[in-house]
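Here are some notes to read with the coordinates open beside you.

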Amino acid sequence: MSELHTVNKSPFEKNSFDSCLGHVLEGSAVLLYEDGVYAALKGTATEGKVKAAQGVKFYALGPDLKARGLAQDRVSDGIEIIDYAGFVDLATEHDKVVAWV
Amino acid sequence: MSEDIKNFLYLNRRAPYGTIYAWESLEVVLIGAAFDQKVSLAFVDDGVFQIVKGQDTSAIEMKNFSPTYSALGDYDVNQLYVEQESLEERGLSVDDLMHLTWEDEDEDWAEKDSIRVVSRAELNKIIEAQDVVFSF
Amino acid sequence: MKFAIQINEGPYQHQASDSAYLFTKTALEKGHEIFRVFFYHDGVGNGTRLTTPPQDDRHVVNRWAELAEKHELDLVVCVAAAQRRGLVDDGEAERNGKDATNIHPKFRISGLGQLIEAAIQADRLVVFGD
């Protein structure tokens with residue numbers, strides 16, 4: 001079964017992002033939203049972790065990036081920026097949603 | 001599939017008392033036990049602190065809800081997965097945890113351990129097998 | 001597809017209710033069904049009709065109520081969590097001898113079984129929290 005994991009906390013404040021990465025299986029997706037979008041940025045201490053996650057597809061919620069003044073070119077290569085419609089699609093395309101609140 | 005029995009996992013990642021999440025999620029588990037679904041609990045990250053033995057809240061004037069975990073076996077909630085890595089990161093071993101048991105009706109009410117310490121890799125397979133994951 | 005939505009945090013303090021609202025609204029626009037929205041923990045605070053935000057801010061409670069009106073959403077507030085936090089409907093006021101109620105009429109107070117039932121009936125449970 002494929003899973004959509006959601007992370008809504010900054011990786012610099014809480015361990016939700018790290019914990020999520022420790023529990024994703026290949027073929028799963030991770031959506032970064034709310035303060036979770038800070039894990040999507042280039043040149044951060046977390047960028048390497050995103051790149052090292054084999055076979056995991058990363059998404060970041062555009063409205064949350066925009067709200068925080070984070071231009072799209074700040075987002076790591078390979079992370080797809082989506083809107084709420086994309087969020088809903090991800091939730092339907094995967095067999096379940098696991099929230100790392 | 002909506003009428004079938006589902007695999008429910010309660011993902012516990014929070015320590016008790018500092019916030020109410022642990023207690024109120026336990027209340028969901030107790031109510032949910034009446035619904036005849038296949039239920040398991042995972043204790044990950046600070047969630048492992050929920051089932052540390054010897055909790056005594058008398059001096060902080062809060063309810064000690066830890067005895068409730070001992071009652072889970074009576075509700076047929078007896079699959080409690082504790083992540084090995086989370087224990088080790090926190091300097092804990094299974095000996096620091098409450099001894100939680102259930103009685104197996106099929107084996108003449110033999111007392112069995114409810115807690116199973118599993119590796120992160122094993123837990124990931126368990127999460128994969130679920131239909132629904134509750135987070136609190 | 002049928003969704004169940006769980007909201008663990010109150011309005012304004014956390015973004016959880018905002019995110020859940022936008023997810024729910026978008027899912028409905030895309031033709032999906034929302035089986036139930038269940039408010040738990042401090043999330044019960046999303047259901048008080050006495051909420052009065054400044055005029056230049058969004059009204060989180062009314063926004064949920066309006067979405068519920070338009071799509072006949074089932075907005076359920078957990079009774080145990082509500083009692084602890086002082087959210088009261090007519091039944092609770094009578095049972096517990098309270099002199100007022102504060103639940104918004106588009107929300108209803110019910111038991112935790114409503115969350116479990118929603119998770120059983122829906123194809124997906126999506127949790128919004130801290």
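How many salt bridges does the rule find across the interface of chain C and chain B? The answer is four, where a salt bridge is a side-chain nitrogen of Lys or Arg within 4 Å of a carboxyl oxygen of Asp or Glu.

First, the ground rules. This is a predicted model, in which local features need pLDDT of at least 70 and side-chain atom pairs count only at pLDDT 80 or more, while totals for chains, interfaces and linings use all residues; side-chain values use heavy atoms, with hydrogens and water left out. Residues are numbered from 1 along each chain as its sequence is written, and chains are lettered from A and ligands numbered from 1 in the order in which they are written.

1. The interface of chain C and chain B. Chain C brings 21 residues to this contact and chain B brings 22 residues, with contact meaning heavy atoms within 4.5 Å. Between them the two chains bury about 1,800 Å², 57% of it on carbon and sulfur atoms; buried area is the accessible area (1.4 Å probe) that two parts lose on being put together, summed over both. On the chain C side, C:R84, C:I116 and C:I120 lose the most area to chain B, together 33% of what that side buries.

2. Polar pairs and elements there. Chain C and chain B have 11 residue pairs in polar contact, both residues at pLDDT 80 or more. A polar contact is a pair of N or O atoms within 3.5 Å; within protein, one must be able to donate a hydrogen and the other to accept it, and residues adjacent in sequence count only if both atoms are side-chain atoms. Two or more residues on the side of chain C that touches chain B come from each of α3 (79–85), α5 (113–121) and β5 of chain C, and α5(C) gives the most, with seven residues. Helices (H or I, at least four residues) and strands (E, at least two) are DSSP runs, numbered from the N terminus.

3. Side chains of opposite charge can pair when their charged atoms come close. B:E24 is found in helix α1 of chain B and counts as buried because its relative accessible area is 0%; buried means under 20% relative accessible area, exposed over 50%, and partly exposed in between (1.4 Å probe, protein chains only). C:R85 forms a salt bridge with B:E24, with the closest N and O atoms 2.9 Å apart. C:R84 also meets B:E24 in a salt bridge (2.7 Å, N to O), and this pair crosses from helix α3 of chain C to helix α1 of chain B. C:R84 is partly exposed, at a relative accessible area of 37%. A network of salt bridges links B:E24, B:E27, C:D42, C:R84 and C:R85.

4. Another cross-chain pair. B:R14 and C:D130 form a salt bridge whose closest N and O atoms are 4.0 Å apart. B:R14 sits in the loop between β1 (7–12) and α1 of chain B, and C:D130 in the segment after β5 of chain C. Both residues are buried. Over all chains, a search of the whole structure finds 32 salt bridges.

5. Chain A against chain B. Here the rule finds zero salt bridges, although 10 residue pairs are in polar contact, both at pLDDT 80 or more. The contact takes 15 residues from chain A and 18 residues from chain B, and the two chains bury about 1,400 Å², 52% of it on carbon and sulfur atoms.

6. Two helices to look at. α1(A) is mostly covered, with six of its eight residues buried; these pack against elements including α2 (47–52) of chain A and α4 (120–128) of chain B. Helix α1 (residues 16–29) of chain C has 14 residues and reaches 20 Å from first C-alpha to last, close to the 20 Å expected at 1.5 Å a residue; the expected span is 1.5 Å times one less than the number of residues. In α1(C), 11 of the 14 residues are buried, and what covers them includes α4 (84–93) of chain A. C:G31, whose phi is positive, near 90°, follows α1(C).
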